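Biologist: Can you put the model up on the screen? I have some questions about it.

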Amino acid sequence: MVRSQEARMDDADRPGSGDQLWSVFEFARRYRLAKREGNRLLMLYGPTASLRDLPANAQRHSLIS
């Protein structure tokens, strides 16, 4: 039983896919964000941010109103 608890602790300490760091520039390019939005994310997070935070805070503006 002790061994299984230790394994769970080790798994919890590992970074998940949401904790993966991405380049803000690469994210903005890949998701075709406006340059202004890419700059806003850069000012908010710096050059890298977690993959969980970027899509949650990115705003895409539609050309169709």
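Biologist: Is R52 buried or exposed?
Modeller: R52 counts as exposed because its relative accessible area is 51%. Exposed means over 50%, buried under 20%, and partly exposed in between, with a 1.4 Å probe and protein chains only.

Biologist: Where is R52 found?
Modeller: R52 is in the loop between β2 (48-50) and α4 (53-57). Helices are DSSP runs of H or I with at least four residues, strands are runs of E with at least two, and both are numbered from the N terminus.

Biologist: How far apart are the C-alpha atoms of R52 and D19?
Modeller: They are separated by 6.6 Å, while R52 and D19 are 33 residues apart along the chain.

Biologist: What are these numbers based on?
Modeller: This is a predicted model, where local features need pLDDT of at least 70 and side-chain atom pairs count only at pLDDT 80 or more, while totals for chains, interfaces and linings use all residues. Residues are numbered from 1 along each chain as its sequence is written, and side-chain values use heavy atoms, with hydrogens and water left out.

Biologist: Different topic. How many aromatic pairs does the structure hold?
Modeller: Two. W22 and F27 form an edge-to-face pair, 6.3 Å centre to centre with 75° between the planes. F27 and Y31 form a tilted pair, at 4.7 Å and 40°. Rings of Phe, Tyr and Trp (its six-membered ring) pair if their centres lie within 6.5 Å; planes under 30 degrees apart are stacked, over 60 edge-to-face, and the rest tilted.

Biologist: Which residues do the ring pairs link into a cluster?
Modeller: W22, F27 and Y31. Both W22 and F27 are buried; F27 counts as buried because its relative accessibility is 3%. Y31 has 40%, so Y31 counts as partly exposed.

Biologist: And what is phi of R32 near?
Modeller: Near 50°, which is a positive value in a residue other than glycine. Most residues other than glycine have a negative phi. R32 sits in the loop between α2 (24-30) and α3 (35-45), and R32 is exposed because its relative accessible area is 70%.

Biologist: Back to the whole chain. In what order do the elements run from the N terminus on?
Modeller: The order is α-β-α-α-β-α, with four helices and two strands in the protein chain.

Biologist: What share of the residues is buried?
Modeller: Buried residues make up 18% of the 65 residues in the protein chain.
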